[in-house]
Amino acid sequence: MQEIGKIWMNGKLVPFKDAKVHVLTHALHYSTSIFEGIRCYNTPKGSAIFRLPEHVDRFFKSAKLYSMKMQYTKKEISDAIVKTVKTSGLKESYIRPLAYYGYGTMGLTPTQNKVDVSIACWEWKMGESKAGKFSGAKCKVSSWVKIDSRSQPMQAKAASNYANAALARMEALENGYDEAIMLNSHGKIAEGSAENIFVVKDDIIQTPPLSAGGLEGITRDSIIQIIEENSGYVIERNLERDDLYTADEIFMTGTAAEVKSVTQVDKVKIGNGNMGHITKALQKSFSDVVMGKDERFLPWLTFI
Ligand SMILES: Cc1ncc(COP(=O)(O)O)c(C=O)c1O
């Protein structure tokens with residue numbers, strides 16, 4: 001981690017090294033935090049944050065699902081994000097807003113503690129996400145079942161959801177794969193460990209409905225809108241493991257992953273084992289959109 005710029009903590013920009021929390025912070029013990037992952041791209045027209053209002057909306061939705069009393073308005077958080085990015089001087093970055101039950105009272109009940117908010121950003125270049133983005137990722141169907149909304153609110157981007165995701169990711173890596181695909185408790189495809197998933201068969205693009213347990217991804221929504229704007233469509237339906245093995249193409253979407261091709265699932269080659277033409281076209285369209293080259297989607301960019 002390169003310590004560039006400052007980290008916004010409860011309204012103050014503090015040096016990277018000093019952005020610390022107490023060891024008895026509630027969230028450290030009980031996972032009572034929610035967060036966002038946002039990208040700022042170095043477009044030819046200047047640095048721009050991708051879909052900032054949508055990320056801030058999801059941040060507040062996640063907070064509400066954990067009864068967090070935010071001391072800031074959406075506008076204050078948006079302004080703070082822009083300020084943090086500007087202060088860093090970075091042209092392209094990954095931005096991490098975090099809200100967590102802080103230090104005060106120890107014990108399970110979080111609501112007696114204040115909700116602290118921080119915003120950090122670090123350098124992240126376009127296409128930098130590892131795991132075979134261009135060559136094609138090898139994915140393992142995880143033996144860990146995706147937790148579901150009977151246990152936790154899955155539409156919250158909450159730290160507590162990510163222990164399950166991290167186990168799946170670790171299992172995939174330990175077995176020589178790049179990424180995990182998670183099934184829900186009904187055996188249907190939910191999503192990757194930190195990405196939504198799309199399957200292409202006979203040129204028809206399909207993705208699991210959100211009720212299958214995936215996060216309501218902002219990249220997922222962007223890709224669906226881009227496809228529709230280009231006169232295509234996406235079918236939302238429950239997908240089986242069989243649908244993965246027989247797919248012509250599979251791709252994953254996420255703020256970090258962008259549009260990532262999947263060329264192998266378990267020991268099965270997808271299509272001809274190379275990135276498919278629809279995935280390739282969507283990678284290009286998405287890159288044009290985030291780089292401000294597609295006028296139709298310019299409102300998705302907040303220039304800083
Ligand atoms: C579990 C999970 N699913 C899907 C996504 C993709 O969401 P987005 O496109 O908003 O980054 C993410 C990343 O945030 C994630 O962590």
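Start by selecting S67: at 47% relative accessibility, this residue counts as partly exposed (between 20% and 50% relative accessible area, with buried under 20% and exposed over 50%, using a 1.4 Å probe and protein chains only). You are looking at a predicted model, where local features need pLDDT of at least 70, side-chain atom pairs count only at pLDDT 80 or more, and totals for chains, interfaces and linings use all residues. Residues are numbered from 1 along each chain as its sequence is written, and side-chain values use heavy atoms, leaving out hydrogens and water.

S67 sits in the loop between α2 and α3 (74–88); helices (H or I, at least four residues) and strands (E, at least two) are DSSP runs numbered from the N terminus. Its phi is positive, near 55°, though S67 is not a glycine. Most residues other than glycine have a negative phi.

Next, select R51, in the loop between β5 (46–50) and α2 (52–65). R51 also has a positive phi, about 50°, but this residue is buried, at 4% relative accessible area.

Now go to K157, in the loop between β8 (137–141) and α4 (162–174). K157 is buried without a salt bridge (a Lys or Arg side-chain nitrogen within 4 Å of a carboxyl oxygen of Asp or Glu). The nearest side chain of opposite charge, E36, is 5.9 Å away.

Finish on α4 by selecting N164, A165, A168, E171 and A172, which are buried. They lie on the same side of α4 because they cover an arc of only 125° around the axis, taken from the directions from the helix axis to the C-beta atoms. Just after α4, G176 has a positive phi of about 85°.

Methods. Lys and Arg count as positive and Asp and Glu as negative; His and the chain ends are not counted.
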